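Colleague: Thanks for making time for this. Could you show me the model, and then take my questions one by one?

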Amino acid sequence: MTTRAIAIAVLLFLPLPIVIVVLSSFTSAGYLSFPIKGVSLRWYAEFLGSADWLKVLGTSALLALIGALVSTAASFAAAWAVVRHEMRFGTTYETILLTPLIFPHAAIGVIMIVTLSGLGWLGTFTGLILVHCILTIPYAYRPVVAALRKADPALEEAAASLGARPWRTFWLVSLPAVRPGLVTSLLFSFIISFDEVTVTMFLVGPFVMTLPVQVFSEVLESASPIIAAVSAALVLFTSLMVFVLDKVIGIQFFVERD
Amino acid sequence: MPRSLRIALLLAPSGLLMCVFLYGLIRLIGSSLVTDGQIDLSYYEAIFSRADYVAMLGRTLRIAAMTTFFCLLLGFPTAYYVARYRGNRNFLLLMIIFPWLVSIVVRSYGWVVILGPRGLINGFLTWTGLIERPAKLMYNDFGVILGLVHVLLPFMIIAILSVLMQIPRNLEEASMSLGGRPSYSFRTVLLPLSLPGVLTGITLVYLMATGAIVTPLLLGGLGDTMLGTEIFQEVMHFFDYPKAAALATVLLITALAVVLPIQILERWVARRLSDGGSQ
């Protein structure tokens, strides 16, 4: 009985602050308070009318898209070597790919400052792409390697024995077999990259800024309800991604072990 | 193309990314240890000789430990309930996964709206007349721990849930039908089998809590710093990169000192469990 009570309380507790942010974005007041004083869409109008916010939104979306594509492709190649070529030390290599996960984010932030300033990419879009690829590889690798392990190599052998060239076999047989895994990797790393703050905020500069980092610095400095409207847009975006993920692979993917 | 060349090409993109990470890690530790080609421990001496830094280190460990404790306390029952739920489990999963994927900035900000002086709780309490002036619910340890527990709880639930889902329900039923009381079958069947998930959860939550910046800054303010927020201020306000590097190295060591033994324990538990299963 206590188990049930705790579980229900937790399941209501988790979405609570998100719901509050979304509700508070509809305030008509000039300052943030809850419950809200009067309903209006003025802060959404302000958000969508602001060239600065839209530019930052565009940067975040492009960054997440490129990062997701690169880290999914890199993960797919690595998974191919580990699974299809049954390479030596495959498990060790998989552990190495997951190492960014066991580093505290504040430490990764400083590591990346050092790395990017060494490369001369601090405060640049290219630098952010590089860092986001490193951060999302652990998330992109798992779905793709799981899909590849499930796909039957006999199909590829059949295609090859029927005379298909390697590239044709790859396009028409191998790739479709792992498509759900690839889409999951793309979406998953896209979300992680799009929402990343803790590491990214060390690396942005006057010429490049991401949406969550911008929201964070605004929250520290002001209490304008426009932050709530931008946050609500982030929430809407994340819900869309979760909806698509659920359709593509099913939400239970996140709690499955391979 | 020879097989080894093909493997090398396939590993090149991901390997390159990992090398960049490794390069940064080595340079980080190097820049905190070496000045002008000489080993120089002055940054570490400066950190450990200052009472406020030692207190901050203690505060970081205390908050991380308490966050991990509360995440386990709330996460295990939730994971158990969801794993054994007979209805629409996907909906419950959605209630965990969706908040987990929403940016931590948005979630921490939500707590600012709830706990702040003009927020939900203070608004309600002043409206009922229970208090005259807003109570201080954030900018203290309470706010930071509440926010961190909220942000990190899904990691704990997911880690435990993924193990519990694999334990067949009838294993507990068998133990109970053989006369074991619920508490006995929990202790002897469920707890040992779920231990790998619990250890993974503890690792993740502890790591993220020690290295958190966003939640402690928004809910704890600038006064009482943690290791993560201190690093952030050294970089963003004082531009003291060597000191930030030394602090980041201290953070790495404190995190890995806890995480690596747990990882080894987890491997050992997993091996014991699989040995037990095959006998």
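Modeller: Gladly, and one definition first: a residue is buried under 20% relative accessible area, exposed over 50%, and partly exposed in between (1.4 Å probe, protein chains only). The model is a predicted one, in which local features need pLDDT of at least 70 and side-chain atom pairs pLDDT 80 or more, while totals for chains, interfaces and linings use all residues. Residues are numbered from 1 along each chain as its sequence is written, chains are lettered from A and ligands numbered from 1 in the order in which they are written, and side-chain values use heavy atoms, without hydrogens or water.

Colleague: With that in hand, how does Arg62(B) count: buried, partly exposed or exposed?

Modeller: Arg62(B) sits in helix H3 of chain B, where helices are DSSP runs of H or I with at least four residues, strands are runs of E with at least two, and both are numbered from the N terminus. Its relative accessible area is 42%, so Arg62(B) counts as partly exposed.

Colleague: Which residues are linked with Arg62(B) in a network of salt bridges?

Modeller: A salt bridge here is a side-chain nitrogen of Lys or Arg within 4 Å of a carboxyl oxygen of Asp or Glu. Arg62(B) pairs with Asp141(B), their closest N and O atoms being 3.0 Å apart. That pair links helix H3 to helix H7 (residues 141-164) of chain B, 79 residues apart. In the network, Arg62(B) is linked with Arg59(B) and Asp141(B).

Colleague: And how many salt bridges does the search find over all chains?

Modeller: In general, side chains of opposite charge can pair when their charged atoms come close. Searching the whole structure gives a count over all chains of six.

Colleague: Moving to chain A, which residue meets Arg84(A) in a salt bridge?

Modeller: The two side chains come to 3.1 Å, N to O, in the bridge between Arg84(A) and Glu156(A). Arg84(A) is in the loop between H4 and H5 and its partner in helix H8 (residues 153-161), so the pair ties together parts 72 residues apart in sequence. Both residues are buried, and the partner you asked for is Glu156(A).

Colleague: What is the relative accessible area of Glu94(A)?

Modeller: Glu94(A) forms a salt bridge with Arg149(A), with 3.2 Å between the closest N and O atoms. The pair joins helix H5 to helix H7 (residues 125-150) of chain A, 55 residues apart. Arg149(A) is partly exposed because its relative accessibility is 48%. Glu94(A), in contrast, counts as buried because its relative accessible area is 14%.

Colleague: In the loop between H4 and H5 of chain A, what is the phi of Phe89(A)?

Modeller: Glu86(A) is also in that loop, and its phi is positive, near 40°, in a residue other than glycine. Glu86(A) counts as exposed because its relative accessibility is 64%, and Phe89(A) counts as exposed because its own is 62%. Phe89(A) is not a glycine either, and its phi is positive, at about 60°.

Colleague: Which residues of chain B does Thr115(A) contact?

Modeller: Thr115(A) is found in helix H6 (residues 105-119) of chain A and is buried because its relative accessible area is 0%. Contact means heavy atoms within 4.5 Å. Leaving aside neighbours within four places in sequence, Thr115(A) touches Val20(B), Tyr23(B) and Gly24(B).

Colleague: Stepping back to the whole of chain A, what share of its residues counts as buried?

Modeller: Chain A has 12 helices and zero strands, and its C-alpha trace spans about 70 × 55 × 35 Å along the principal axes. Among its contacts with a separation of 6 or more, 69% join residues 24 or more positions apart. Of the 258 residues, the buried share is 55%.
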